[in-house]
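Please go through the structure below with the briefing that follows.

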Amino acid sequence: MTSTEINGGDRFESVQSIRDALKEVSYLADDGIASVAFLADKLGKPVLVEGPAGTGKTQLAKSIAEITGSKLIRLQCYEGLDESKALYEWNYKKQLLRIQTERGDNTEDWTDIQDDIFSDEFLLTRPLLEAITSDEPVVLLIDEVDRVEVETEALLLEILSDYQVSIPELGTITAKQIPLVFLTSNNTRELSEALKRRCLYLHVDYPELDREREIVLAKVPNITASLADQVARVVRSIRQLDLKKAPSVSETLDWARTLMILNIDTIDEKVAKETLNILLKYQTDIAKATKELSVDD
């Protein structure tokens, strides 16, 4: 299979149908997000999702898997990730047992045994290989791809361009079905042009005020529209400060849930400052926000 032979899927009817379906699972997507997901399916191309940490990049892949009824396969990237954890490895213990059982048996020569031990029975699939060999629809999430070394990106290129894996002992394994692939990056380093070239690009930033308010209303049970609006406005004002780490959407939701637990329905300056540790995770940021933050009653 070559990249020119890859056909897109037919999971979605329209961009609006994706927005509507994602809303049903409490993921509020704008037209930009829904459009890229729609095109990724039709073109059979991966999506590189960049943006600040905590803006819903990983959740997008999870939500797409949910609305399509697909199996979610996740490869969590980290420094030192290699093909034995990302692609496949051989079950050496099982291979050794197979060799030992034939020791002294003249009915099979080494060629026969070698062909046997390098077969599917002895292959341990890892997320990338599992995704393309699955019989059921798959959403493959390659999370925080910017954490791996540049050299490790080469492991992804064959998968992302041709949806196949070359195993020296077995040959080329071609995808049974084309998974929807989402790669997330927090921009901790620049990704290679070769990787970017194979992907559609999506940047997910902190949401606008109205959208963040809707997210709070959708994700925090029983919260009032008034409190959700206050939460969104305070978080937006805090993000304007020169912080080491701005509050993520997940931290916005944690703060909203905290206020609900404390039975607070109106955020005043005192409440905001006393609960800043839910939103901010560095003392210098908390001190700066405590000094500069003001909340309208």
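This is a predicted model: local features need pLDDT of at least 70, side-chain atom pairs count only at pLDDT 80 or more; totals for chains, interfaces and linings use all residues.

Residues are numbered from 1 along each chain as its sequence is written, and side-chain values use heavy atoms, with hydrogens and water left out. Helices (H or I, at least four residues) and strands (E, at least two) are DSSP runs, numbered from the N terminus.

**Helix α8**

- In α8 (residues 154-162), the buried residues (under 20% relative accessible area, with exposed meaning over 50% and partly exposed in between; 1.4 Å probe, protein chains only) are Leu156, Leu157, Ile159, Leu160, Ser161 and Asp162.
- The cover over these buried residues of α8 includes the helices α7 (127-133) and α9 (193-197) and the strands β5 (138-143), β6 (164-167) and β8 (180-185).

- Two packed helices are described by the angle between their axes and the distance between the axes.
- Axes are lines fitted to C-alpha atoms, for helices over the stretch in contact, and angles run from 0 to 180 degrees between N-to-C directions.
- For α10 (residues 209-219) and α12 (residues 249-261), the packing angle is about 55° and the axes are 10 Å apart.
- The pair α10 and α12 is therefore oblique, given that angles under 35 degrees count as roughly parallel, over 145 as roughly antiparallel, 65 to 115 as roughly perpendicular and the rest as oblique.
- The crossing of α10 and α12 is right-handed, where a crossing is right-handed if the near helix is turned clockwise from the far one by less than a right angle, and left-handed if anticlockwise.
- On the α10 side, Glu212, Ile215, Val216 and Lys219 meet Val249, Thr252, Leu253, Ala256 and Arg257 of α12, contact meaning heavy atoms within 4.5 Å.
- The contact of α10 with α12 has 5 nonpolar, 1 polar and 3 charged residues; Ala, Val, Leu, Ile, Met, Phe, Trp, Tyr, Cys and Pro count as nonpolar, Asp, Glu, Lys and Arg as charged, and the others, Gly among them, as polar.
- Leu209, Arg211, Glu212, Arg213, Ile215 and Val216 are buried in α10, and the buried residues of α10 pack against α2 (31-43), α11 (225-239) and α12.

**Helices α1 and α3**

- The axes of α1 (residues 15-24) and α3 come within 10 Å and cross at roughly 100°, and the two helices are therefore roughly perpendicular.
- Ile18, Ala21 and Leu22 of α1 make this contact with Leu60, Ser63, Ile64 and Ile67 of α3.
- By class, the residues of the contact of α1 with α3 are 6 nonpolar, 1 polar and no charged.

**Loop residues**

- Ser70 is in the loop between α3 (57-68) and β2 (71-76) and is buried, with a relative accessible area of 11%.
- The side chains of Ser70 and Thr68 make a polar contact (2.8 Å), that is, a pair of N or O atoms within 3.5 Å; within protein, one must be able to donate a hydrogen and the other to accept it, and residues adjacent in sequence count only if both atoms are side-chain atoms.
- Beyond its neighbours within four places in sequence, Ser70 is in contact with Ala65, Pro137, Val138 and Val139.
- Most residues other than glycine have a negative phi.
- Asn222, not a glycine, has a positive phi of about 70°; Asn222 sits in the loop between α10 and α11 and is exposed, at a relative accessible area of 73%.
- Asn263, also not a glycine, has a positive phi of about 60°; Asn263 lies in the loop between α12 and α13 (269-274) and is exposed, with a relative accessible area of 69%.
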